[in-house]
Amino acid sequence: MADLYLSRVEIGHVPDVLHYDDRTIYQTKEWLEFIARTHHAEPVKAVVCDGKQIIGMFSGLVMKKFGVRILGSPFPGWSTSYMGFNLDSSVPRGRVLNGLEQFAFRELHCMHLEIMDRYLRAEDYERAGYSYRMYCGYEIDLTQTEEQLFNAMDPARRRSMRKSIKEGVQIQIATDLSFVDEYYAQLKDVFAKRKLVPTYSKERVMIMLQHIMPTGRALLLKALDNTGRCIATGIFLGLNDTMYFWGGASWREHQHHRPNEALQWFAMRYWKAKNIAKYDMGGGGEYKRKYGGYEIAIPWGRKSKYPLIETVRRSAQSIFKLKQHVVGFILDVEKHDGSPHNPY
């Protein structure tokens with residue numbers, strides 16, 4: 001059986017892939033434009049071919065790190081989940097990995113590639129000689145009735161839902177970008193609890209929503225207390241059969257009103273009513289299991305043209321984590337000594 005191969009196409013001349021059931025929001029033109037704008041990257045679309053027949057699409061972006069060209073689909077730090085391929089259901093996904101390697105290293109002149117495809121398996125990467133790590137998270141089956149969804153949550157979560165209602169928490173859909181100011185202020189407060197700073201800037205949130213909101217694929221929610229003050233926020237995305245939890249934040253001093261639980265419950269019912277079948281909660285966090293989610297583990301594959309590139313990549317990731325802790329510590333000290341600080 002011959003390997004499949006990839007052939008690049010211009011973004012403006014991409015064949016219609018809307019019929020692919022495996023298409024994610026992170027493969028859309030709008031999302032690629034958002035990543036390109038915030039990470040100085042070049043969007044890449046390619047058709048997947050079996051001989052002369054087009055059987056799918058690939059989505060990714062090329063960027064430079066330390067002078068090295070990298071193909072990400074996606075790449076860590078992009079606030080992006082599954083990219084990879086859209087393929088006919090009859091095509092074994094692992095067949096295309098060798099073609100992707102040739103496409104990245106020869107046609108795009110990259111020296112490193114990374115891919116997280118929702119339907120690629122660990123054994124697919126192993127057979128193609130890729131390294132990988134597991135990206136763990138939780139999903140919820142939204143095809144259940146509302147009563148089943150509610151009862152699947154742990155007792156503490158159900159009590160929290162009732163408490164938020166009793167204390168007058170109201171959920172409001174936000175429709176303008178002033179939402180970003182409230183969301184990001186609360187996000188900084190969440191990270192400050194652990195003496196950290198957010199992993200992305202307020203500008204990135206703003207740019208993302210500028211691209212996604214006009215498509216109708218973003219749900220922005222605010223939780224208001226009984227005085228009308230916004231005490232929590234959430235960003236939920238949806239396309240095809242899946243909704244995604246992109247980000248949530250709340251003021252620590254108001255968390256006893258349980259606004260986060262109210263946001264989650266509203267978002268699940270909202271997207272369920274739009275025929276969304278599953279809720280991808282976006283990465284780990286034991287609290288997500290308590291909403292009735294089941295654990296998923298998706299391999300995030302990578303391959304380098306030269307072994308040294310892999311070493312540099314690991315070092316860069318360690319430096320980023322250290323920087324986040326150091327900056328968070330500095331801001332915490334400034335906060336307590338009354339000095340001004342600017343997290344941007």
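**Contacts, core and cysteines in a predicted model**

Author: This model is predicted. Beyond its neighbours within four places in sequence, Leu237 is in contact with Ile25, Tyr26, Trp31, Ile212, Arg217, Ala218, Thr242, Met243, Tyr244, Trp246 and Trp271.

Reader: Which residues have the most contacts inside the largest nonpolar core?

Author: Leu237 is one of them, along with Trp31, Tyr183, Val205, Ile235 and Trp246. The core has 44 residues. Helix α6, residues 179–192, gives the most to this core, with 6 residues.

Reader: Why are α5 and α8 called roughly perpendicular?

Author: The axes of α5 (residues 155–166) and α8 (residues 259–272) cross at roughly 95°. Angles of 65 to 115 degrees count as roughly perpendicular. The two helices are therefore roughly perpendicular to each other. Their axes come within 8 Å.

Reader: What makes the contact between α5 and α8?

Author: Helix α5 brings Arg157, Ser160, Met161 and Ser164. Helix α8 brings Glu261, Ala262 and Trp265. By type, the residues of this contact are 3 nonpolar, 2 polar and 2 charged.

Reader: Why does Cys49 count as buried?

Author: Its relative accessibility is 7%. Buried means under 20%, so Cys49 counts as buried.

Reader: And what makes Cys136 partly exposed?

Author: Cys136 has 34% relative accessibility.

Reader: How many disulfides does the structure hold?

Author: It holds 0 disulfides. A disulfide would need a pair of cysteine sulfur atoms within 2.5 Å.

Notes
Residues are numbered from 1 along each chain as its sequence is written. This is a predicted model: local features need pLDDT of at least 70, side-chain atom pairs count only at pLDDT 80 or more; totals for chains, interfaces and linings use all residues. Side-chain values use heavy atoms; hydrogens and water are left out. Axes are lines fitted to C-alpha atoms, for helices over the stretch in contact, and angles run from 0 to 180 degrees between N-to-C directions. Helices (H or I, at least four residues) and strands (E, at least two) are DSSP runs, numbered from the N terminus. Angles under 35 degrees count as roughly parallel, over 145 as roughly antiparallel, 65 to 115 as roughly perpendicular and the rest as oblique. Contact means heavy atoms within 4.5 Å. Ala, Val, Leu, Ile, Met, Phe, Trp, Tyr, Cys and Pro count as nonpolar, Asp, Glu, Lys and Arg as charged, and the others, Gly among them, as polar. Buried means under 20% relative accessible area, exposed over 50%, partly exposed in between (1.4 Å probe, protein chains only). A nonpolar core is a set of buried Ala, Val, Leu, Ile, Met, Phe, Trp, Tyr and Cys residues joined through side-chain atoms within 4.5 Å.
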